[in-house]
Amino acid sequence: MKRITTLTCLMLSFFAMAQQQTIDQKVNALLKQMTLEEKIGQLNQYTGNNAATGPITINPNKQAEIKDGLVGSMLNVVGTKYTRQYQELAMQSRLKIPLLYGQDVIHGFKTTFPIPLGEAASWDLAAIELSARVAATEAAASGIHWTFAPMVDIGRDPRWGRVMEGAGEDSYLGSRIAYARVKGFQGDKLGNLNSVMACVKHFAAYGAAIGGRDYNSVDMSERMLWETYLPPFKAALDAGAATFMNSFNDINGIPATGNAHLQRDILKGKWNFQGFVVSDWGSIGEMVAHGYSKDLKEAALAAITAGSDMDMESNAYRYNLPALIKENKVSIDLVDDAVKRILRKKFELGLFDDPYKYSNPDREKQELNNPEHRKAAREVAAKSIVLLKNDNAILPLAKSTKTIAFIGPMVKEYKANMGFWAVELPEVDYNKWVVSQWDGLQNKVGKNTKLLYAKGCEVEGDNKDGFAEAIATAKQADVVILSIGERHDMSGEAKSRSNINIPGVQEELVKAIQATGKPVVVLVNAGRPLVFNWTADNVPAILYTWWLGSEAGNAIADVLFGDYNPSGKLPMTFPREVGQIPIYYNHYSTGRPAQDDNAKGYVSAYTDLKSSPKFPFGFGLSYTKFDYSDLKLSTTKMKSNEKIQVSFQLKNTGKVAGEEVVQLYLKDKFGSVVRPVLELRDFQKVKLNAGETKTIQFTIDNEKLSFYNDKIEWGSEPGDFELMIGSSSADIRVKSDFELVK
Ligand code: GLC
């Protein structure tokens, strides 16, 4: 059997190589026929009119330029009708090179899934891959070839609105999720009708913007870049990501778009990336504003030299590369390399065989928002919800509850559940595309349960006129559910906030409702960690519901009534106050660590605030309890070429089935550079029935002990380690020491 397998693998790899060689031959043959203008056209990307996702440059000649073969790609052109229209123009060009359609399919297409930060809270890699798979299927059915996702920027600063797009603060979790998302988007093979190219963004370190202010500068050591910010990009590359997108920020003084160290040395050099790099929206032209290029021509020179292959919406290449080549400032080889990278993807997608293969109205009708996809969205949404508090086991609610008051500005909202970067939905028949939280509750409760509603207040503003009605409504109920938080467009691009409290007078509404003495459950809808200390300290039950997408209402109802036992864990640390930022779990010890929240004096702590977060990384409760016991290591001494087998017993000691994300953390006690107080190195999401026990196993290998030293060399160092396994980064249940020996 083994011999046959080997033979099969050899044949498959030979076939793949042969196919690639055929594509390379076709690319080279086509390149030979192309004029300089047609080559530069392939590097040129324009936005359509579906939705501008950046500062738009008016260009009335777009359609004419497409017909002349001067445009290689469009974004924001959605639907089989429009993609076919523009493609027909491209087919009138001399060489009939098809257009590439890109789109921000960030968390679903027409069936919308939870925002990526919410999905990350599921720690369920299969669910995350499924979400991307459904998104790709729907997008590809609508003429899209390429999604500008996954966004893999590590986010340690909740003032930065784009944390909603990523997988949180941890490099290991972020890497595992990046890999899953690329696999989900690209499926088995590019060119399949339900696959789209992934685009790993934003390269690089965009999430480290100083002050959490979007587009702001980034300054960090090369070691921090490699240790924390690059791993998710490498994981995405290892998953076969077809494209990368560079970032708006300057990093260590050089804009990423013009940064040869990032794009040439690392991505195309050390990592041998064979795909292509697209600039972010206008980011080539923005190097003038950065003060890095004195004009658009200089910016074009810097970008093409640094490895930015395609120019999104800055017109820099279109209008400046011809002169730069004629003046011998840019070698035609650089342009040819960029063109070949792009053409290769168009061949792999099968667009030369059939430019309209993705623009099939029947398939579009069949795939978009279908029941199977909505079912997937509901499951992923429920898994993304994090139970932050459940005093006196108020939750799950009994289905026999007589009267429930559902209060707050998010209750009857539709769009708010979609979050930022949702693909535009028609403003009519919203309830066809989204289940509001009110709809979800109505779908769930039986005819013997009476539902009462009051808005109470708006998301923003100081108007409390609605409080009286809300209080009166609450008094009539057996239990009150309050749904508060951020509106769908309050986190996302260009949505940095200096104050991350719950907006408006919503927490005052919570106080007023709490004062009625009724049992209160609060749902917090947000795209980022928010500060809500009064609610967290005084309300007995809190669910963090992010923005959950099309099935928000049903998923929330599933959790509220225990049809799904919440299993989410926070992918980001929640600060007590904005003043604590940056705060993240895998920090260094410092020479004067604060041993606990009460530490005073000469320690690294604030004198006016506890050092611990409000809610730690990896935290999330369940309707049941889990017991960790009987930790065993196969040995407590390992060499770098050996492994340690780890096992422990996990028991569901409660009365209902549930899922637990068991998290394995390591602490390298001493190193040639200081090491984090602990860092996530593995996890498993385990489902257990009530009373059930399972033996959980992990393997410690040298990779898990490795890090970048001060020479940016990856490897482990002999010494003492502590292994910790727990329910969160601050809730270690079992631990053991071991040693890495020479
Ligand atoms: C935006 C975003 C990027 C997005 C692109 C196209 O400015 O930064 O993430 O993919 O432009 O919409």
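Strands here are DSSP runs of E of at least two residues and helices are runs of H or I of at least four residues, both numbered from the N terminus; two strands pair if DSSP finds at least two bridges between them. Strands β17 and β19 (residues 644-652) run antiparallel and are joined by six bridges. Aspartate 627 stands opposite lysine 651 in β19.

Residues are numbered from 1 along each chain as its sequence is written, and side-chain values use heavy atoms, with hydrogens and water left out. As the model is a predicted one, local features need pLDDT of at least 70 and side-chain atom pairs count only at pLDDT 80 or more, while totals for chains, interfaces and linings use all residues.

A further open sheet has five strands in the order β18-β26-β25-β20-β21, with mixed pairing. Its edge strands are β18 (637-639) and β21 (679-688), each of which pairs on one side only. From one strand to the next the twist averages 30°. Strand β20 (residues 658-668) pairs with β21 in the antiparallel sense over nine bridges, and leucine 666 stands opposite glutamate 679 in β21.

A pocket is an open set of points, on a 1 Å grid over the protein atoms alone, with protein on both sides within 12 Å along at least five of seven lines; a cavity is a set of points where a 1.4 Å probe fits but cannot get out, and lining residues have an atom within 4 Å of a point. Grid points are joined across faces, edges and corners, and a volume is the space filled by probe spheres set on the points. The largest pocket has a volume of about 1,100 Å³. It is lined by 34 residues, of which His587, Ala594, Ser611, Ser612 and Val677 are the closest to its centre. The elements that give two or more residues to this lining are β25 (719-728) and β26 (731-741); the largest share, three residues, comes from β26. The lining divides into 17 nonpolar, ten polar and seven charged residues, where Ala, Val, Leu, Ile, Met, Phe, Trp, Tyr, Cys and Pro count as nonpolar, Asp, Glu, Lys and Arg as charged, and the others, Gly among them, as polar.

Across the whole structure, eight cavities of 30 Å³ or more are found. The volume of the largest cavity is about 100 Å³. Among the 13 residues that line the largest cavity, Thr53, Asp104, Asp280, Trp281 and Trp421 are the closest to its centre. The lining of the largest cavity comprises six nonpolar, two polar and five charged residues.

Strand β12 (residues 403-407) is largely enclosed by the rest of the structure, because five of its five residues are buried. Buried means under 20% relative accessible area, exposed over 50%, and partly exposed in between (1.4 Å probe, protein chains only). Thr403, Ala405 and Ile407 point one way from β12, and Ile404 and Phe406 point the other way. Strand β12 runs parallel to β13 (residues 450-454), with five bridges, and parallel to β14 (residues 479-485), with four bridges. Isoleucine 404 has leucine 451 as its bridge partner in β13 and stands opposite valine 479 in β14.

The peptide bond from phenylalanine 203 to alanine 204 is cis, with omega near 10°; alanine 204 lies in the loop between β5 (199-203) and α8 (222-229). A cis peptide bond also joins isoleucine 581 and proline 582, with omega about 5°, and proline 582 lies in the loop between α22 (552-560) and β17. Asparagine 252, in the loop between β7 (250-251) and β8 (254-255), has a positive phi of about 50° and is partly exposed at 36% relative accessibility. Asparagine 392, in the loop between β11 (386-390) and β12, has phi near 55° and is exposed at 72% relative accessibility.

Note on methods: Axes are lines fitted to C-alpha atoms, for helices over the stretch in contact, and angles run from 0 to 180 degrees between N-to-C directions.
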